[in-house]
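Thanks, everyone. I'll take a few minutes on salt bridges and strand pairing. Let's bring up the structure.

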Amino acid sequence: TAITGKWHLWLLTEVGPRQYGFDHTYGYLHGQIDPITKRYKFGDRTWHRNDKLIEEKGHATDLLTDEAIRVIKKKRSKPFFLYVPYSVPHTPFVESEKWMKMYPKVKEFSRRIYLASITHMDAGIGRIIQALNETVQLERTLILFSSDNGGQKSGNHGKQYGGKFPPYPVLADNSPLRGFKGSVYEGGIRVPAFVSWKGQLKPGKTDEVMHIVDWLPTVASLVEAKIPEDANLDGRNVWPAILNRERLKDRTLYWRTPRSSAVRVGNWKLTQSGGKKPELFNLAADPNEKKNLADKNKEKVKELQRELMDERARDSKE
């Protein structure tokens with residue numbers, strides 16, 4: 001098991017990925033980094049390999065890709081698990097002309113460097129796929145890709161990173177979805193994802209609702225790993241929907257930020273923000289959340305509000 005990238009569960013190596021099941025660890029422990037110095041926003045050292053802080057030259061995107069390829073090319077007798085959480089397209093950015101020149105028509109600098117960072121990452125993923133192919137492992141490898149949240153609207157690090165990075169007034173474009181990162185609207189939580197397994201999965205698309213927590217039980221099922229009965233997982237095995245396009249049963253999904261919360265059951269979604277009136281959307285008919293149906297469906301609002309309160313109560317217990 002290996003991780004090459006972002007850990008983001010505190011800065012201390014004592015609670016780093018090696019303490020949670022990873023045999024090989026590389027990347028950065030803390031939150032977002034300067035992609036060149038690999039320092040955290042307050043100047044902390046965080047770049048590491050196997051619990052030891054290190055200094056390396058190069059761009060974080062390239063270094064993480066290089067390490068992932070080394071893991072792939074290592075001779076082994078057992079299957080492996082590789083997790084590659086890149087630092088981009090999170091701010092701050094440093095990108096070379098090689099990637100910036102691909103977007104000559106984008107005049108806004110912050111938007112252009114944002115796109116360049118994504119393209120740089122895409123190229124790294126391509127190199128990882130190539131390494132799997134060259135080592136004759138592609139047909140034996142399940143590849144999962146997902147973003148962690150919707151795109152960020154803008155950004156400004158101010159005096160962080162020594163004040164070296166400019167404001168980023170224009171970054172992502174989540175349209176036609178509503179909202180950005182940090183929002184409980186679909187633009188903040190609905191993200192692109194794909195699953196690839198050469199020779200096992202046919203090209204296609206599923207519109208079934210899945211969540212990042214579903215990957216643990218799904219992968220565990222595929223490798224026939226037993227999950228303890230008391231694990232109390234939130235996720236479920238979604239492989240039947242991926243492999244055979246089977247329909248999944250409706251369930252309650254829940255999101256909460258400091259300012260807002262939302263709950264979804266089937267195609268119905270309720271959002272609640274501070275003292276504002278609740279908003280009710282039917283995502284099958286209105287995925288862009290333009291039409292608030294709360295006034296015309298008061299019983300559904302009450303039903304979902306009860307679901308929301310139940311989920312909030314669980315927060316306080318866990």
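Start with Arg256: it is exposed, at 52% relative accessibility. Keep in mind that this is a predicted model.

Which residue does Arg256 bridge to? Its partner is Asp315, and the closest N and O atoms are 3.0 Å apart. Arg256 sits in strand β8, residues 252–256, while Asp315 sits in helix α7, residues 298–317. Asp315 is partly exposed, with a relative accessible area of 31%.

Stay with Arg256 and turn to the strands. In β9, its bridge partner is Ser261. β8 and β9 run antiparallel, joined by 5 bridges. They form a hairpin, with 3 residues between them.

Now β9 itself, residues 260–265. Is this strand largely enclosed or open? It is largely enclosed by the rest of the structure, because 5 of its 6 residues are buried.

β9 has another antiparallel partner: strand β10, residues 268–273, over 6 bridges. Here Ser260 stands opposite Ser273 of β10. β9 and β10 also form a hairpin, with 2 residues between them. Look at Gly266 in that turn: its phi is positive, about 65°.

Back to salt bridges. How many are there in the count? The count comes to 20. Two more pairs are worth a look.

One is Glu67 with Arg70. Their closest N and O atoms are 2.6 Å apart. Both are in helix α1, 3 residues apart, so about one helical turn separates them. Is Glu67 buried or exposed? Buried: its relative accessibility is 4%, and the cut-off is under 20%. Arg70 is partly exposed, at 47%.

The other pair is Glu55 with Arg45. Their side chains meet in a salt bridge at 3.0 Å, N to O. This pair links distant parts of the chain, 10 residues apart. Glu55 is in the loop between β4, residues 52–53, and α1, residues 60–73. Arg45 is in the loop between β2, residues 24–28, and β3, residues 47–49. Glu55 counts as partly exposed, at 49% relative accessibility. Arg45 is also partly exposed, at 36%.

How values were computed: Residues are numbered from 1 along each chain as its sequence is written. This is a predicted model: local features need pLDDT of at least 70, side-chain atom pairs count only at pLDDT 80 or more; totals for chains, interfaces and linings use all residues. Side-chain values use heavy atoms; hydrogens and water are left out. A salt bridge is a side-chain nitrogen of Lys or Arg within 4 Å of a carboxyl oxygen of Asp or Glu. Helices (H or I, at least four residues) and strands (E, at least two) are DSSP runs, numbered from the N terminus. Buried means under 20% relative accessible area, exposed over 50%, partly exposed in between (1.4 Å probe, protein chains only). Two strands pair if DSSP finds at least two bridges between them.
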